[in-house]
Amino acid sequence: MAEPGDIIDVRPDEGFDVTSLAEHLHTRIPGATGLPEVRQFGGGHANLTYLLRYPEVDYVLRRPPLGPVAEGSHDMGREHRVLAELWRSFPPAPRSYLFCDDTSVIGVPFFVMERKDGIVVRKVVPDRFGGGRNEKINRQLSEAVIDTLADFHAVDPHEAGLAELGHPDGFMQRQVDGWARRWHLAKDQDVQIADALIEWLQLRRPASPPPTLVHNDWRLDNMAVDPEDPSTCVAVYDWDMCTQGDPLADLGTLLSVWYDSGEIPADLNPMPTGVPGFMTRAEAIARYAHRTGIRPEAVDYYLVFGSFKMAVIVQQIYIRWKRGQTKDDRFAVMGEAARHLLTLAEQRRP
């Protein structure tokens, strides 16, 4: 699922009763015999993800983050429902085997899915892929994230067994209103740029293209690529916000962390978009447009929306740290990162 360096010992405040979990999983999923060795995937910033290592099989467990969570996010039941079906139509989606909402087991709802091996590329291109110096591989990574998104948006929700997922009518209006509401709930100070962006997004909302399945958090670091072929995506993660709606919302989320020359990335930039050979944002838009048939000029609004949305997500993580609801000190810098993303959103307005 990730590079070995991404797998860590379970953080002290993020552990759970392994014996209780083992008793629950025994007989419910194949090979879950005895106590698993439990490790943690340390790279994410929201939901908590663990490796369950049994003698004959590995599984992955997902649970919500510590502390209160924002409305509509970190929905383990939704993520399980999606992944229990989607893997048949979209092979990079891991198959989910079990969902548990009995909080007596580990204290929170969780689900267990298959482990898919691959390399997750975060802030830098790993040495095995040239460390950012191999232009061909860098180009392949940028193409893979766009091409896999286009492939996902081509999935027929009916054929995938997800026709009843979400409510596509009025999707973007609900998105803008919802992320504005989340900003007001998570902010620790008034930020004039945020208010101006919310007003602009509400007034300038375009007509949406035909609805598709929407991931809602599409980024390179939510994917894994083949260790021997970085042009091939082998897994896509973080499906707890998956629904049906406007596919350009996914593209806007992705492009919000796709920095062009001259733009100053947020400290938490998860994509190495500045390495030589990596497509520019305009090239990424053109490639997606070619694969899907959308009009490239329609993307401007969604870039601003995605940038605002990413700012709110980062602010939500920061406020949990500031309120003492998580002790993970990686989150201490996120308030500044959220304000930087708001500034970028303002600069990206057409």
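User: Which residues does Trp-258 touch, not counting those up to four places away in sequence?

Analyst: Trp-258 touches Ser-142, Val-145, Ile-146, Glu-263, Met-271, Thr-273, Phe-278, Met-279, Thr-280, Arg-281, Ala-284 and Arg-348. Contact here means heavy atoms within 4.5 Å. Keep in mind that this is a predicted model, where local features need pLDDT of at least 70 and side-chain atom pairs count only at pLDDT 80 or more, while totals for chains, interfaces and linings use all residues. Residues are numbered from 1 along each chain as its sequence is written, and side-chain values use heavy atoms, with hydrogens and water left out.

User: Ok, and which residues touch the most other members of the largest nonpolar core?

Analyst: Leu-86, Trp-218, Trp-239 and Trp-258 do, in a core of 90 residues. Helix 8 (residues 300-322) gives the most to this core, 13 residues. A nonpolar core is a set of buried Ala, Val, Leu, Ile, Met, Phe, Trp, Tyr and Cys residues joined through side-chain atoms within 4.5 Å. Buried is under 20% relative accessible area, exposed over 50%, and partly exposed in between (1.4 Å probe, protein chains only). Helices are DSSP runs of H or I with at least four residues, and strands are E runs of at least two, numbered from the N terminus.

User: Switching to helix 5, which residues are buried there?

Analyst: Ala-194, Leu-197, Ile-198, Trp-200 and Leu-201. Down the axis of helix 5 they fall within an arc of 165 degrees, so they line one face; the arc is that of the directions from the helix axis to the C-beta atoms.

User: What covers those buried residues?

Analyst: The cover includes helix 4 (171-186), helix 8 and helix 9 (334-347). On the face turned away from the buried side, helix 5 carries the exposed residues Gln-192 and Leu-203.

User: How many salt bridges does a search of the whole structure find?

Analyst: It finds 27, counting a side-chain nitrogen of Lys or Arg within 4 Å of a carboxyl oxygen of Asp or Glu. One of them joins Glu-283 and Arg-139 at 3.5 Å, N to O. That pair links distant parts of the chain, with Glu-283 in helix 7 (residues 281-292) and Arg-139 in helix 3 (residues 135-153), 144 residues apart.

User: Is Glu-283 buried, exposed or partly exposed?

Analyst: Partly exposed, at 35% relative accessible area. Arg-139 is partly exposed too, at 29%.

User: Which residues are linked with them in a network of salt bridges?

Analyst: Glu-143, Asp-147, Asp-151, Arg-287 and Arg-291 are linked in a network with Arg-139 and Glu-283.
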